[in-house]
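Welcome! Here are some exercises to work through with the structure in view. Try each task yourself before reading its solution.

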Amino acid sequence: LANAYAQASQYPPALEQVLIAFDKADAPEESWLQLKLALHYEMKQYRETAETLIALIAMAPDNSQYWKQLSGVLLEIEEQSDSLAVLAVAERQGMLETERDLKSLAGVYLLLEIPYKAGMLIEQGMQAGVVEDSGENHEYLADAWIAAHEWDKAEVSLRQAAELSEDGDLWKRLAQVLMEKEDWSAAREALEHALETGVSDPGQTQYLLGVAAFQAGDPGGAESALRAATRDPETQQQAQQWLDHIAANR
């Protein structure tokens, strides 16, 4: 009867019949719990969905889909720490086998502001061949390293991402990481490459190039880039301040 109601999209009476069946049975079958799970989810009863998934995991602990679903539902109800714990247990049991699985776990680490673990997870996934060696994934990895202030690792990831995609904005991001490391010559080179490749904000890129050139000991090159930056309203004031600073310190 519950299945019939469910087929007719009448979820509340379907759930009522499932619960009656549970009361009358010595032990519910896995398929009954799966139906209960589907009904709670259709009615957006996410806490009850999570509780049902816990019961399914107790019944079938080797079913990786239940673990992944439970993590997703816990995220839905903003139980991020519990979601992370569930995925971490699944990973230790070898249940996270795909790139999507690992990136889901990494995403929860990032959500909980644990970027170093996210970076390590994706890096190890790449080394194992589970996470594709693509520009997009190297950029994802770089985001984790930047959040963790791991500038050397971020530099490596961003350089690989930029070389794989030839995206000027990635070269600019690489330059910003190099500037954090105070590697001004390398930052200047990356910014020049960014401008050659094409960037979404050339004024800001020219401004950064001017700063990098100045810090690298080339005030003439800095002035040239900063003058170009003054032609952009968004960077005009900052660039002019640097030009004034250079002029005053000749």
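**Exercise 1: a loop residue**

Find where Glu78 sits, and decide whether Glu78 is buried or exposed.

*Solution.* Please keep in mind that this is a predicted model.
Step 1: Glu78 is found in the loop that runs between helix H5 (64-76) and helix H6 (80-92).
Step 2: Its relative accessibility is 60%, so Glu78 counts as exposed, since the cut-off for that class is over 50%.
Step 3: Now look at the backbone. Glu78 has a phi near 60°, which is a positive value in a residue other than glycine.

**Exercise 2: another loop residue**

Work through Glu182: which loop holds this residue, and what is its phi near?

*Solution.* Step 1: The loop between H11 and helix H12 (184-197) holds Glu182.
Step 2: Phi of Glu182 is near 60°, again positive in a residue other than glycine.
Step 3: With a relative accessibility of 58%, Glu182 counts as exposed.

**Exercise 3: a lysine in a helix**

Describe the surroundings of Lys172: is Lys172 buried or exposed, and which residues does Lys172 touch?

*Solution.* Step 1: Locate Lys172 in helix H11 (residues 168-180).
Step 2: The relative accessible area of Lys172 is 10%, so this lysine is buried; the class requires a value under 20%.
Step 3: Leaving out residues up to four places away in sequence, Lys172 touches Leu191, Ala194, Asp201, Gln204, Thr205 and Leu208.
Step 4: For a distance to check, take Ala162, which is 10 residues from Lys172 along the chain: the C-alpha atoms of the two are separated by 9.3 Å.

**Exercise 4: helices H8 and H9**

Work out how helix H8 (residues 115-127) and helix H9 (residues 135-147) are arranged.

*Solution.* Step 1: The two axes come within 7 Å and cross at roughly 150°.
Step 2: Angles over 145 degrees count as roughly antiparallel, and therefore H8 is roughly antiparallel to H9.
Step 3: The crossing of H8 with H9 is left-handed.
Step 4: On the H8 side, the residues in contact include Tyr116, Met120 and Met126, while those of H9 include Tyr140, Leu141 and Trp145.
Step 5: Sorted by class, this contact has 11 nonpolar, three polar and one charged residues.

**Exercise 5: aromatic pairs**

How many aromatic pairs does the structure hold? Classify the pair of Phe22 and Trp32 and the pair of Phe214 and Trp242.

*Solution.* Step 1: The structure holds four aromatic pairs.
Step 2: The ring centres of Phe22 and Trp32 are 6.2 Å apart and the planes are at 20°, so this pair is stacked.
Step 3: Phe22 belongs to helix H2 (residues 11-24) and Trp32 to helix H3 (residues 30-42), and the two are 10 residues apart.
Step 4: Phe22, at 19% relative accessibility, counts as buried, whereas Trp32, at 28%, counts as partly exposed.
Step 5: For Phe214 and Trp242, the ring centres are 5.4 Å apart with the planes at 65°, so the pair is edge-to-face.
Step 6: Phe214 is in helix H13 (residues 202-215) and Trp242 in helix H15, so this pair ties together parts 28 residues apart in sequence.
Step 7: Phe214 has 24% relative accessibility and so counts as partly exposed.

Definitions and conventions:
Residues are numbered from 1 along each chain as its sequence is written. This is a predicted model: local features need pLDDT of at least 70, side-chain atom pairs count only at pLDDT 80 or more; totals for chains, interfaces and linings use all residues. Side-chain values use heavy atoms; hydrogens and water are left out. Rings of Phe, Tyr and Trp (its six-membered ring) pair if their centres lie within 6.5 Å; planes under 30 degrees apart count as stacked, over 60 as edge-to-face and the rest as tilted. Helices (H or I, at least four residues) and strands (E, at least two) are DSSP runs, numbered from the N terminus. Buried means under 20% relative accessible area, exposed over 50%, partly exposed in between (1.4 Å probe, protein chains only). Contact means heavy atoms within 4.5 Å. Axes are lines fitted to C-alpha atoms, for helices over the stretch in contact, and angles run from 0 to 180 degrees between N-to-C directions. Angles under 35 degrees count as roughly parallel, over 145 as roughly antiparallel, 65 to 115 as roughly perpendicular and the rest as oblique. A crossing is left-handed if the near helix is turned anticlockwise from the far one by less than a right angle, and right-handed if clockwise. Ala, Val, Leu, Ile, Met, Phe, Trp, Tyr, Cys and Pro count as nonpolar, Asp, Glu, Lys and Arg as charged, and the others, Gly among them, as polar.
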